[in-house]
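Reader: I have the model open and a few things to check before I use it. Can we go through it piece by piece?
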Amino acid sequence: MAINIIIMVLFVLAALWTVMSRSLLRGAAGLAIVSAILAVLLFRINSPIAAVFELSVCAGLIPVIFVTTVSLTEPMVWPEIYKHMWMRLRRYWMLPLILIIAGIVLTQIKFNILLALPAKISEPTVGQMLWNLRPADLLGQVIILLAGSIGIVVLFKEKK
Amino acid sequence: MKALLILLPLIGLLIANLLPKRIGRVFAFLAIVIIGLFQITLVTCPGSLSGVDPLTLTFLMLIALVVVLTSISSIAFPKTDSQKVNFNSLLLIILMGMNGLVMVRDIFSMYVFIEIVAIASFVLIVFNRERDSFEGAYKYLVFSSVATVMLLTGIALIFLFSGSTSFESIKMALNSSPKNPIILLAMALYMVGLFIKGGLVPFHGWLADAYSAAPADVSPLLAGIVTKTVGIYPLFRVVSLYSVTGPIRTIILLVGIISIFFGALAALYQKDFKRMLAYSSISQMGYIVLGFGCGTPLGYAAAIFHLFNHTIFKSTLFFNAAAVEKQTQLRDMDSMGGLAQKMPFTGVASALAALSTAGIPPLPGFWSKLLIVIALWLAGFKVYAILAVVASVITLSYMLSLQRRVFFGNVGEHLLHIKEAGAELLIPSTILVLIMVGVGIFFPFIIGTFLLPVTRLW
């Protein structure tokens, strides 16, 4: 239990660092760290499949996509940012409203769903989960990180 | 043996990046060629890849072929040693990503490999860091991210029902309650995600910009195999786990026929060589989806055969476009003309590929389109069959327009100094043209060796 609390504190600290960061690149790195800590927490509370998916999507893939996106953009100056924000607000103000209404409507519909939750696995270790049950995802993670590294070299290093 | 198709490129990639750049660039190129040829040999030797069905084998062969030819063609375009290592490293990553995608039997692992291919594609599009390519890659990135959200939501909903992400469990779960609204929603989200990745209408906004803005040696890869592997292969593989009937079939057929007409009509009005080919790709992808939408074994086989043919003839056309762009520094077709006199081989290869695209016999595009029309007719979709034939006439008109504007007529004064492209660009075209003509002439042989085994998949 004590370890879980420490992990949760680390999780909150990493999340705070991510959202407070003024650099988009640091924010992307922070997201990867937050997701990796969350994955550890999910492993510890015996949800290995959720942990692996979290590790694959949020710790590996999404930060690489963020870094690629950041590399394709130019930073805006403040007057431009304000102008852009107002324009977006005027154009998309109804979107949260639609989401709330859709959420209310969906909660009123009674779906007759028979959910098939995954069979409980007898407390696999992280290694067992990754190597024995989801080796393709693990290999995919390695390749994603390599793709991200080469992308950074192509888009940032060579630009200099 | 299957694992080697991912591990060998990975080892090649690591060694190429550890060696000094001057040696690494040669090593990376040789690694692609050797691994690609090894992959083609494995695919063509019966029994060497156990447990792999004809659909995966077809894709493995096309992936290896297009990646190797792209690497060869890239020699024609000047790059520093470091850029050559990075370019070929990205090709190795794409090779791994696509090989993994077509070999896994798990919907989540498939998603991971789809994203590997997408990330490597973004970087390849902006490789030369030109303004247009940044715009094209950015659009691709935005559309791709939307597709990712849809795919993940679809996978999550499917997972709720199946309790596992393996194809076998999903097939059982989906078919136990096929009319459940959540399952229909999951399939719809998954399909829309794939339609975006495949650049089908109305989700095609990124495709023309990405294809035309990509470096000349990257466009054949994107148009030839990447879009099909990330957009069409998962559609064949996952949607066919669920019966292709009812509203799912209607959506597929409508997206297919709209893509055919929109792509063909948009291609008619293009001035840019590569943009015309990009819109033509949307149209031809529509034919593939239309064949799949029949929901019959003949329709599936015809769709896969057209996918094979489209990879061959569209890659040929993009390699020819790369040759023209390299030699003339032009993409505006109105500024060209008479290039067949200066670039005779490129002109002939382009004419053959254009005629195959338009479905002129005995070229393979004719046979696959004929099979799609027959499959539609036999499945009772006679209106779709007639529309598919009508669209073929539009295809012929824009392809003839392309040939006339680029290769026929008098040579302009500014093009008098133009010479035929180098061997790096002619070798890929020659190989593809030989395959194209061979498949067209030996079509009766293809029926027994390729089409019948594919129909047994469903």
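Reader: Start with helix 4 of chain B. What span should its 23 residues have at 1.5 Å a residue?
Author: Helix 4 of chain B should span 33 Å, and its end C-alpha atoms are 33 Å apart, which agrees. The expected span of a helix is 1.5 Å times one less than its number of residues. Helices here are DSSP runs of H or I with at least four residues, strands are runs of E with at least two, and both are numbered from the N terminus.

Reader: How many residues of helix 4 of chain B are buried?
Author: In helix 4 of chain B, 20 of the 23 residues are buried, so the helix is mostly covered. Buried means 20 or more other C-beta atoms within 10 Å of the residue's own, exposed means 12 or fewer, and partly exposed is in between, with C-beta atoms placed from the backbone.

Reader: Where do the numbering and the cut-offs come from?
Author: This is a predicted model, in which local features need pLDDT of at least 70, side-chain atom pairs count only at pLDDT 80 or more, and totals for chains, interfaces and linings use all residues. Residues are numbered from 1 along each chain as its sequence is written, and chains are lettered from A and ligands numbered from 1 in the order in which they are written.

Reader: What are the scores?
Author: The model has ipTM 0.86 and pTM 0.88. Chain B averages a pLDDT of 92, with 99% of the residues at 70 or above; pLDDT is the predictor's confidence in each residue, from 0 to 100.

Reader: How many helices and strands does chain B have?
Author: Chain B has 19 helices and 0 strands. Its radius of gyration is 21 Å, close to the 23 Å from the globule rule for 458 residues, so chain B is as compact as a globular protein of that length. The radius is taken over C-alpha atoms, and the rule is 2.2 Å times the number of residues to the power 0.38. Of the 458 residues in chain B, 60% are buried.

Reader: How is chain B divided into domains?
Author: Chain B has domain 1 (1–103), domain 2 (126–243) and domain 3 (247–458), with bounds from an automatic or database domain assignment. The centres of domain 2 and domain 3 of chain B, taken over C-alpha atoms, are 22 Å apart. Their contact takes 27 residues from domain 2 and 32 residues from domain 3 of chain B, where contact means C-beta atoms, placed from the backbone, within 7 Å.

Reader: Which helix gives the largest share of the domain 2 side in chain B?
Author: Helix 10 of chain B does, with 10 residues.

Reader: Now the other chain. How many residues does the contact take from chain B and from chain A?
Author: The contact takes 40 residues from chain B and 32 residues from chain A. Helix 5 of chain B gives the most to the chain B side, with 10 residues. That side divides into 27 nonpolar, 10 polar and 3 charged residues. Nonpolar covers Ala, Val, Leu, Ile, Met, Phe, Trp, Tyr, Cys and Pro, charged covers Asp, Glu, Lys and Arg, and the others, Gly among them, are polar.

Reader: I clicked on Ile107(B). Buried or exposed?
Author: Ile107(B) counts as buried because it has 24 C-beta neighbours inside 10 Å. Ile107(B) is in helix 5 of chain B. Leaving out residues up to four places away in sequence, Ile107(B) touches residues including Ile155(B), Phe167(B) and Val238(B).

Reader: Which peptide bonds are cis?
Author: The bond from Val201(B) to Pro202(B) is cis, with omega near 10°, and Pro202(B) sits in the loop between helix 8 and helix 9 of chain B. The bond from Pro361(B) to Pro362(B) is also cis, with omega near 5°.

Reader: What is phi at Gln329(B)?
Author: Phi of Gln329(B) is near 60°, a positive value in a residue other than glycine. Helix 13 of chain B itself is mostly covered, with 30 of its 32 residues buried.

Terms used. Two residues are in contact if their C-beta atoms, placed from the backbone, lie within 7 Å.
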